[in-house]
Amino acid sequence: MEFDFTQKQRYYKAQKRVKDIKGFYTHLSIYCVVIPVIIFVNLKFEPHFHWFWFSAFGWGTGLFIHWLTVFGFNLIGIGKNWEEKKIREFMNENK
């Protein structure tokens with residue numbers, strides 16, 4: 001019984017991870033389509049003031065934060081298991 005519960009937990013965790021990755025790539029795709037449209041509209045109708053930078057930077061910041069939550073924290077070493085890894089590292093250091 002416990003084995004099935006663990007398998008289900010792992011399955012749901014993997015399913016959530018796939019959903020998070022899919023959400024990030026959807027966000028990135030929409031950014032890559034919409035920002036060029038915004039740039040075009042800006043340069044076509046108001047070329048003397050480049051306001052598209054506000055949209056590109058603001059949305060880009062949100063996209064970067066989304067990337068950090070999906071991939072980045074693990075890449076820079078402070079993922080969910082960071083505390084546990086550090087504790088084990090310090091324990092092994094003091095042997």
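Which backbone nitrogen does the side chain of N42 reach? The side chain of N42 reaches the backbone nitrogen of W51, at 3.1 Å. That is a polar contact, meaning a pair of N or O atoms within 3.5 Å; within protein, one must be able to donate a hydrogen and the other to accept it, and residues adjacent in sequence count only if both atoms are side-chain atoms.

This is a predicted model: local features need pLDDT of at least 70, side-chain atom pairs count only at pLDDT 80 or more, and totals for chains, interfaces and linings use all residues. Residues are numbered from 1 along each chain as its sequence is written, and side-chain values use heavy atoms, with hydrogens and water left out.

**The chain overall**

The protein chain has 3 helices and 0 strands. Read along the sequence, its pattern is α-α-α. Helices (H or I, at least four residues) and strands (E, at least two) are DSSP runs, numbered from the N terminus. Of the 95 residues, 13% count as buried. Buried means under 20% relative accessible area, exposed over 50%, and partly exposed in between (1.4 Å probe, protein chains only). The chain exposes about 8,300 Å², and carbon and sulfur atoms supply 67% of that area. Accessible areas come from the Shrake-Rupley method with a 1.4 Å probe; for residues, only the protein chains shown count as cover. Among contacts between residues at least 6 apart in sequence, 62% join residues at least 24 apart. Contact means heavy atoms within 4.5 Å.

| Residue | Relative accessible area | Class |
|---|---|---|
| N42 | 0% | buried |
| D20 | 29% | partly exposed |
| F45 | 65% | exposed |

N42 is found in helix α1. Leaving out residues up to four places away in sequence, N42 touches P47, F49, H50, W51 and F52.

D20 also has its place in helix α1. The side chains of D20 and K16 meet in a salt bridge (2.9 Å, N to O). A salt bridge is a side-chain nitrogen of Lys or Arg within 4 Å of a carboxyl oxygen of Asp or Glu. By this rule the count comes to 1. Why are D20 and K16 separated by about one helical turn? Because they are 4 residues apart in helix α1. Side chains of opposite charge can pair when their charged atoms come close. D20 also touches H66 and V70, not counting residues up to four places away in sequence. D20 and H66 are 46 residues apart along the chain, yet their C-alpha atoms are separated by 9.4 Å.

In soluble globular proteins, nonpolar side chains tend to be buried together. The largest nonpolar core here has 9 residues: F24, Y31, I35, I38, F52, A56, L63, V70 and F71. Helices α1 (2–45) and α2 (52–75) are the elements that give two or more residues to this core. The largest share, 5 residues, comes from α2. A nonpolar core is a set of buried Ala, Val, Leu, Ile, Met, Phe, Trp, Tyr and Cys residues joined through side-chain atoms within 4.5 Å. A56 touches Y31 and I35, not counting residues up to four places away in sequence.

F45 is found in helix α1. V37, F40, V41 and F45 make a nonpolar surface patch of about 430 Å². Patches are made of residues with over 30% relative accessible area and no salt bridge: like charges are joined within 9 Å, nonpolar side chains (Val, Leu, Ile, Met, Phe, Trp, Tyr) within 5 Å.
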